[in-house]
Each structure stands twice: as structure tokens, then as C-alpha cells.
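I opened a new page for this one and went through it a piece at a time. Here are my notes, in the order I looked things up.

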Amino acid sequence: MPPFGGSESPTAPEEEINIDSTKVSWNQGNAKKNTKDDAGKDKDDKYADAKPISFFALFRHGTPSDKLIIVIGIILQACVGLSFSAMNLVFGEVIDDLSSPSTSILESTIGTIQIMAILAIVFGATAFIGMSAVPYGAARITNRVRDAY
């Protein structure tokens, strides 16, 4: 019986049907796609003899400028990661300013708020450039590989 109930398939078990030049064989109600091409080679085995390469071998098609773009992106992303610690330190200063006895909260926190705003702008720009640089450099290398092959 087929897995979803109902009657048997309209064809007998183990019968092959040609659908859009693709062979489909029925085996106990489950369709199995034959992946052989016209030459008789199995399409799944097309890359079976391919040798694995190292990660850094992927960059052999990249120019020095492509590699520089990726390295700059990685460095900027590391700076963005470190920026969270800096923001925590500045936020701690804001809390200290709020807890200190003074006449005006605005006077005591305005300097720290300005520092926090400047850091947010710098970190936002750094994150944007860093997150854009790595995919851009990788896309350039990918296009070069596609052109080569």
C-alpha cells in the first residue's frame, strides 16, 4: 500500500516511465529518479574523483586587492566585536554620572552621552564597511573562478 493511503499506483511495481526524458521507476509506491545521463554515467558520481583542497587554496584566483579587501573586512569586524566592551565601559560611566549627586542630570551626563553617540556612529560605520567588505571580496574571487572555468 502507498505510504499516504489510497489505492496502488497506476503502474505495476518496478515499471519504468519516461517523464520529460527522465526515467522514473516505481518501487513499492515510492518514485526513484534515475540520475544517469545519456552517456550512461551516473551524474552523482561526476565529482566523485575530485580531490579536496585546503581552505587557503580557494584564494588562488584572488588578486592581492581581493585578499586585502577581505583582510580589511575581517580586521574591521574584530574591531566591531571589541566595540561592545567599549560601549559597556561608556554605559557604566553614564550610570556613574546618573548616580552622582549633582544639580542637573543633563550637565553631569552630557559629556558621556556625546562620547557614546560618537562611538555609536564610528562603530556603525565600521560594522557596515566590515560586513560589506568580506562578501564583496569573496564575490570578486567567485566571479574570477567562474570566468576561469
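Predicted model: local features only at pLDDT ≥ 70, side-chain atom pairs only at ≥ 80, totals over all residues.

**Entry 1: the layout**

I started with the elements, and I found 2 helices and 3 strands in the chain. Going along the sequence, I wrote the order down as β-β-β-α-α.

**Entry 2: totals for the chain**

I looked up burial next: the chain has 149 residues, and 17% of them count as buried. For the accessible surface I got about 11,600 Å². Carbon and sulfur atoms account for 64% of that surface. Then I checked contacts between residues at least 6 apart in sequence, and 52% of these join residues at least 24 apart.

**Entry 3: the phenylalanines**

I went to Phe56 and found it in the loop between β3 (30-33) and α1 (64-99). Phe56 has a relative accessibility of 68%, so I put it down as exposed, the cut-off being over 50%. Phe55 is exposed too, at 53%.

I then looked for ring pairs, and the structure holds 2 aromatic pairs. In one of them, the ring centres of Phe55 and Phe56 are 5.4 Å apart and the planes sit at 75 degrees, so I noted the pair as edge-to-face. Phe55 also pairs with Phe59: the centres are 5.4 Å apart and the planes are at 80 degrees, so this pair is edge-to-face as well. I wrote down Phe55, Phe56 and Phe59 as one aromatic cluster.

**Entry 4: salt bridges**

As a reminder to myself, side chains of opposite charge can pair when their charged atoms come close. I counted 2 salt bridges in the structure.

One is between the side chains of Arg140 and Asp66, at 2.4 Å from N to O. Arg140 is in helix α2 and Asp66 in helix α1, 74 residues apart, and the pair links distant parts of the chain. Arg144 also forms a salt bridge with Asp66, with the closest N and O atoms 2.3 Å apart. Arg144 lies in helix α2 and Asp66 in helix α1, so this pair ties together parts that are 78 residues apart in sequence. Through shared partners, the salt bridges join Asp66, Arg140 and Arg144 into one network.

Is Asp66 buried or exposed? I read a relative accessible area of 0% for Asp66, so it goes down as buried, the cut-off being under 20%.

I picked Thr126 and found it in helix α2 (residues 105-148). Its relative accessible area is 15%, so Thr126 counts as buried. What does Thr126 touch, leaving out residues up to four places away in sequence? I noted Leu76, Gln77, Cys79 and Val80.

My last stop was Asp96, which has its place in helix α1. Asp96 is partly exposed, with 44% relative accessibility. I checked Asp96 against Thr109: they are 13 residues apart in sequence, and their C-alpha atoms are 9.0 Å apart in space.

Terms used:
Residues numbered from 1 in each chain as written. Heavy atoms only, no water. Helix = DSSP H or I, 4+ residues; strand = E, 2+ residues; numbered from the N terminus. Buried < 20%, exposed > 50% of the residue type's maximum accessible area, 1.4 Å probe, protein only. Contact = heavy atoms within 4.5 Å. Areas by Shrake-Rupley, 256 points an atom, 1.4 Å probe, with all protein chains shown as cover. Phe/Tyr/Trp six-rings, centres within 6.5 Å; stacked < 30°, edge-to-face > 60°. Salt bridge = Lys/Arg side-chain N within 4 Å of Asp/Glu carboxyl O.
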